[in-house]
Amino acid sequence: MDPQPEPVTYICGDCGQDNTLKPGDVIQCRECGYRILYKKRTRRRLCSMKHAEDDAKSLKQMRDAVSKL
């Protein structure tokens with residue numbers, strides 16, 4: 001079986017209330033009834049620590065090479 005999709009949080013364009021909607025729900029604010037909702041931004045991590053460490057090493061190597069010029 002397919003797993004149930006995770007509910008998504010939206011912000012009402014009129015009153016600013018958070019609304020959690022699942023697939024098939026009516027797109028309407030539960031507080032004021034306004035029908036324009038904006039998707040909330042996620043706070044997902046953009047890169048792993050491994051990539052951040054590799055980037056830091058590359059940056060240090062580039063700085064060392066430039067300073068030798």
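Trainee: Is I36 buried or exposed, or something in between?
Mentor: The general idea is that buried means under 20% relative accessible area, exposed over 50%, and partly exposed in between (1.4 Å probe, protein chains only). Here I36 has a relative accessible area of 40%, so I36 is partly exposed. This is a predicted model, where local features need pLDDT of at least 70 and side-chain atom pairs count only at pLDDT 80 or more, while totals for chains, interfaces and linings use all residues. Residues are numbered from 1 along each chain as its sequence is written, and side-chain values use heavy atoms, with hydrogens and water left out.

Trainee: Where does I36 lie?
Mentor: You'll find I36 in the loop between strand 2 (18-21) and strand 3 (37-39). Strands are DSSP runs of E, at least two residues, numbered from the N terminus.

Trainee: And how do the strands go together?
Mentor: Strands of a sheet pair through backbone hydrogen bonds, either parallel or antiparallel. Two strands count as paired if DSSP finds at least two bridges between them. In this case, 3 strands make an open sheet in the order 2-1-3, with antiparallel pairing. Strand 2 and strand 3 are the edge strands, each pairing on one side only.

Trainee: How many bridges join strand 1 to strand 2?
Mentor: Strand 1 (residues 8-12) is joined to strand 2 by 4 bridges. Y10, for one, has N19 in strand 2 as its bridge partner.

Trainee: Is N19 buried or exposed?
Mentor: N19 counts as buried, because its relative accessibility is 2%.
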